[in-house]
Amino acid sequence: MRVAIAGAGLAGLSCAKYLCDAGHVPIVLEARDVLGGKVAAWQDEDGDWYETGLHIFFGAYRNMRQLIAELNIEDRLQWKSHSMIFNQKEVPGTYSRFDFPDLPAPLNGLAAILGNNDMLTWPEKIAFGIGLVPAILRGQSYVEECDQYSWSEWLALHNIPERVNDEVFLAMSKALNFINPDEISSTVVLTALNRFLQETDGSKMAFLDGNPPERLCQPIVDYVRAHGGEVHLDSPLREIQLAEDGSVSGFRIGGIKGKEPQQIQADAYVSAMPVDPLKLLLPEPWKAMPYFSKLDGLVGVPVINIHLWFDRKLTEIDHLLFSRSDLLSVYADMSNTCREYEDPNKSMLELVFAPAKDWIGRPDAEIVAATLEELKRLFPQHFSGDNQAQLLKSKVVKTPQSVYKTVPGCQQLRPDQASPIPNFFLAGCFTMQRYLASMEGAVLSGKQCAAAIGQSPLAQPGAQSRANLAAV
Ligand SMILES: Cc1cc2nc3c(=O)[nH]c(=O)nc-3n(C[C@H](O)[C@H](O)[C@H](O)COP(=O)(O)OP(=O)(O)OC[C@H]3O[C@@H](n4cnc5c(N)ncnc54)[C@H](O)[C@@H]3O)c2cc1C
């Protein structure tokens, strides 16, 4: 079968890869001139890379890790020590660590939590442990039920002091969805905690060894092309065209940068676009169908990714750091964590600025200035006195609508990969899969989408190939 896929983010590329494995022919059509969507990256005038987002791979990412193994590029993941490192609020420039010892889950997680006495008191740890019992005993069904509560509400329901939020979950909630605990659905936090506590290496973190378009996306494209598929950049989907029976008759692809507009015909069609552009392209007759109308409740959350290059080394820490700052979420010194960005003498900090709702419309210079103010607390030794670190250059990447905002009630809005239209399917981290809006979720959604196409009547022996008929 020929399958047209709009979007070359991780979901679209993963869908194409698994369609190839099942003997189908994917044609991937990407609007922009870069692969990767939310993992896209670019080079500046000096050849330095800057990215849409600071990206962490977790041990719990089974589908991503399997894909990477199938592409034979496992050496590109740089695994870090099994720890979580938080900046201490009260003592600027210092860190508090959760170190996971070499024990099976959940013992390693419990030992990490019990071993940290900087952030949580014993009564807080006990209250929190008791609160987690239903999640541990009842698993995912309990976690799903909790989608009616924000994380702050969940903590209050379990009599867990608000201080626990300030100490740990403010940072975690911003890292998971770029919003605060009073907004984020408790399903999201509980899902992450479940993975971290149930899988021995679930919370272990890795960085990619270089820029994601070349180091992660290109190998998928090479695989797809080697198996007869196609991947085209600068090919935006402009219209989902309908046949008289309401099914898809073609994708109209815009002609940009001197390219001719195209009509793409296939046996099956996939949107692997984010939910926001998908909603804009839905054909009028589909909009009233509950499957599509509920997408209105899924809306991309704004986030900003900042890169700061300094004239010296600010830290030797080779890991992700939770800033616990008002304006920032997580950050890392990429000159330590990522082989391609390595520099023994200078730091390149990559920082996620969130929540970004009040900042996304402001000029880059204001955002950089506010970030530098925060660095005085994170690196006081380098931003006080006579010999202060000098900023050499900066890059700000704004994403006004990134992953969908995971507020309470969203789980029931997430669509299955198979739509009510027999030849139209969805992939994307917002679609229903057991992981969150993440790289793992995107890869899994693409895999599930390929499986849904393979199981559909379209793929059954004897099904007429519309694309072949059209070609006759
Ligand atoms: C700042 C930031 C930090 C993040 N950190 C992490 C992290 O540490 N770990 C993690 O797991 N996840 C992280 N994520 C989330 C992760 O990047 C996403 O969940 C994942 O990459 C989404 O993949 P996707 O394929 O579903 O969507 P996308 O990556 O958005 O891909 C959709 C593609 O569709 C294309 N498209 C849009 N309109 C059209 C059209 N009309 N025609 C054709 N193509 C179109 C887009 O250009 C894009 O390439 C982060 C995201 C951001 C923004």
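Is K376 buried, partly exposed or exposed? In this predicted model, K376 is partly exposed, and its relative accessible area is 41%. Its salt-bridge partner is E373, with a nitrogen-to-oxygen distance of 2.8 Å between the two side chains. E373 also counts as partly exposed, at 47% relative accessibility. Both residues belong to helix 13 (residues 364-378), where a spacing of 3 residues places them about one helical turn apart.

As a general point, side chains of opposite charge can pair when their charged atoms come close. Another such pair is R163 with E124, whose side chains meet at 2.7 Å, N to O. Here distant parts of the chain are linked: R163 sits in helix 7 (residues 162-177) and E124 in helix 4 (residues 122-138), 39 residues apart. R163 is partly exposed at 34% relative accessible area, whereas E124 is buried at 8%.

K257 forms a salt bridge with D234, and the closest N and O atoms are 3.2 Å apart. K257 is exposed, with a relative accessible area of 60%, while D234 is buried at 15%. Elsewhere, salt bridges join R62, R65, R195, E199 and D201 into a network.

The side chain of E350 does make a polar contact of 3.0 Å with that of N305.

Attention now turns to the ligand. Around the ligand there are 35 residues, of which E30, K38, H55, I56 and Y61 come nearest. By class, this shell has 22 nonpolar, 10 polar and 3 charged residues. Helix 1 (10-21), helix 10 (275-281) and helix 14 (439-455) each contribute at least two residues to the shell. A polar side-chain atom of K38 is 2.7 Å from a ligand oxygen, and a polar backbone atom of C429 lies 2.8 Å from an oxygen atom of the ligand. A ligand nitrogen is 3.2 Å from a backbone N or O atom of A31. On its own the ligand has 1000 Å² of accessible area, and the protein covers 92% of it.

Terms used: Residues are numbered from 1 along each chain as its sequence is written. This is a predicted model: local features need pLDDT of at least 70, side-chain atom pairs count only at pLDDT 80 or more; totals for chains, interfaces and linings use all residues. Side-chain values use heavy atoms; hydrogens and water are left out. A residue is near a molecule or strand if one of its heavy atoms lies within 4 Å of it. A polar contact is a pair of N or O atoms within 3.5 Å; within protein, one must be able to donate a hydrogen and the other to accept it, and residues adjacent in sequence count only if both atoms are side-chain atoms. Accessible areas come from the Shrake-Rupley method with a 1.4 Å probe; for residues, only the protein chains shown count as cover. Helices (H or I, at least four residues) and strands (E, at least two) are DSSP runs, numbered from the N terminus. Ala, Val, Leu, Ile, Met, Phe, Trp, Tyr, Cys and Pro count as nonpolar, Asp, Glu, Lys and Arg as charged, and the others, Gly among them, as polar. A salt bridge is a side-chain nitrogen of Lys or Arg within 4 Å of a carboxyl oxygen of Asp or Glu. Buried means under 20% relative accessible area, exposed over 50%, partly exposed in between (1.4 Å probe, protein chains only).
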